[in-house]
Amino acid sequence: MTDQTPAEKFKSELQDLSSCLRDLQSSARLSDLRDRIEDLGGVVRGLGQRIADLREKGYAFEKDLETQAADFVQDWDEIAPGLEREISREAAVLARSLAPLETKLASLTGDRGAPAALLPRVEKFRTEIENLEGRIEAIEENIRGAYDHFQSDVNQLEYHLGRLEWMQKELSEASFQLLAAESGIMAVKAVWAKEGKQTKADPEGVLYLTDQRIIFEQKEKVATKKVLFVATEKELVQETLWEIPVVLVEEAKSRKEGFLNKDDYLDLSLDSRATMDQVHLHIWQRGDDWVALVNRVRAGDFDQTRAIPVDEGLLERVKNAPTKCPSCGGAIKQPILRGMESLTCEYCGDVIRI
C-alpha cells in the first residue's frame with residue numbers, strides 16, 4: 001500500500017471529520033440522556049401496577065412494596081423537572097458551541113488551497129471536535145450523577161419484582177397446586193444433584209420456596225429419539241419429584257463449585273421425619289441468598305410482612321388438628337400445614353380429615 005498524497009489525506013480526513021461532526025450534532029442534543037430519563041420515569045410509574053399484578057396472582061408478602069413504589073413516584077416527581085431543565089439548558093449551550101464548528105467545516109470543504117497547507121487546520125479542527133465531545137461526556141456524567149443513586153434503588157426493586165414475576169409464571173405452569181393460603185416466596189432454575197455433585201443424569205427443573213414448603217419440580221426437555229448420539233426428538237418432562245415442609249429443614253448451607261467456584265449449591269439437612277436425610281441442589285441464584293430465605297421462613301419472618309392475611313379458619317384448623325389417628329391411636333408425626341385437608345396415617349393407612 002502506497003502512502004497517501006496530501007490531497008488524498010486531506011480528503012480522507014475531511015470525510016472523517018464530517019462524520020464526527022454529524023455524530024456530535026446528535027450527541028449535543030442530549031437525546032440519549034433524555035430517552036434514558038424518560039425510560040426511567042416509565043419504569044417508576046409502572047412499579048405500582050406490577051406489584052398489584054403480583055398481589056392478584058397471590059404474592060402475599062413484603063407489605064411495604066406498595067409504599068416503596070409510591071415513594072419512588074413521589075421522589076421522581078421532585079427529581080425529574082430539574083433534570084429536564086438542566087438538559088434543556090445544556091443542550092442550548094452545546095448548540096451554540098456547534099455553530100462555529102459547522103462554519104469551519106464548510107470553510108474547509110470549500111477551500112481550494114494547497115492540501116498540504118490545509119492539513120494543520122484540519123488537525124486543529126479535529127482537536128476542537130474532540131474537546132466538545134469531552135464536554136458533552138462531562139455534561140452527561142454530571143446529569144446522570146444527579147439521579148444515579150435513585151436509579152440504583154429503582155433497579156434493585158425492579159430486579160426483585162422480576163424474580164417474583166418469574167416465580168409466579170412458573171407457578172402458573174407447575175404440576176402441583178399450592179395449598180390454601182400458601183404463597184410462593186422465591187423460585188429458581190435448579191438441578192437436583194442426587195449424589196451431592198452434579199452429573200448429566202441429574203434432573204433439571206425449578207426449585208420453589210413457599211411459606212410452608214420447599215418443592216422441586218423436574219421441568220426439562222428429554223431426548224426421545226437420537227441419531228448418531230444427536231437428539232432428533234424431545235419431549236417436555238414435568239413432574240414434582242419431592243416436597244419438604246420447611247419445618248423439617250434442620251440446616252441450610254451454601255457452597256461453591258465448578259470452574260473458578262462460580263456454581264452455587266444449596267445443601268439442606270433434614271429432620272428424620274422427612275423422606276430424605278440430605279438434599280443437594282445446583283441453583284442459578286446466590287446460594288447465600290437462598291440460605292437466608294430458608295432461614296427466614298423457618299423463623300416465621302415472612303408472616304410478619306404479610307400483605308394478604310391468612311384466613312383465621314385455616315389457622316384454627318391447624319391449631320385443632322388431631323395429634324393421634326382416630327382409628328389406631330398412632331401418633332401423628334407429619335407436620336400439619338395450613339390448607340391441608342387430610343393426611344394418611346403412617347400406621348394403619350386411614351385418611352384423617354383435618
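These are legends for a handful of close-up views of a predicted model. Residues are numbered from 1 along each chain as its sequence is written, and side-chain values use heavy atoms, leaving out hydrogens and water. Because this is a prediction, local features need pLDDT of at least 70 and side-chain atom pairs count only at pLDDT 80 or more, while totals for chains, interfaces and linings use all residues.

**View 1. Cysteines without a bond.**
Taking a disulfide as a pair of cysteine sulfur atoms within 2.5 Å, the count is zero. For Cys-345, the closest cysteine sulfur belongs to Cys-328, 3.6 Å away and too far for a bond. Cys-345 is buried at 6% relative accessibility; buried means under 20% relative accessible area, exposed over 50%, and partly exposed in between (1.4 Å probe, protein chains only). Cys-20, at 19%, is buried too.

**View 2. Phe-61 and its ring partners.**
Rings of Phe, Tyr and Trp (its six-membered ring) pair if their centres lie within 6.5 Å; planes under 30 degrees apart are stacked, over 60 edge-to-face, and the rest tilted. That gives nine aromatic pairs. In one of them, Tyr-59 and Phe-61 have ring centres 6.0 Å apart and planes at 80°, so they meet edge-to-face. Tyr-59 has a relative accessibility of 1% and Phe-61 has 0%, so each counts as buried. Phe-61 also pairs edge-to-face with Phe-302, with centres 5.6 Å apart and planes at 70°. Phe-61 sits in the loop between helix 2 (31-56) and helix 3 (65-110), and Phe-302 in the loop between helix 6 (287-299) and helix 7 (312-319), so this pair ties together parts 241 residues apart in sequence. Helices here are DSSP runs (H or I, at least four residues), as are strands (E, at least two), numbered from the N terminus. Phe-302 is buried as well, at 4%.

**View 3. An aromatic cluster.**
Phe-72, Trp-76, Tyr-147 and Phe-150 group into one aromatic cluster.

**View 4. Lysines over tryptophans.**
A charge sits over a ring if NZ of Lys or CZ of Arg is within 6 Å of the ring centre and within 35 degrees of the ring normal. Lys-189 has its charged end over the ring of Trp-284, 4.8 Å from the centre. Likewise, the charged end of Lys-194 sits over the Trp-192 ring, 5.1 Å from its centre.
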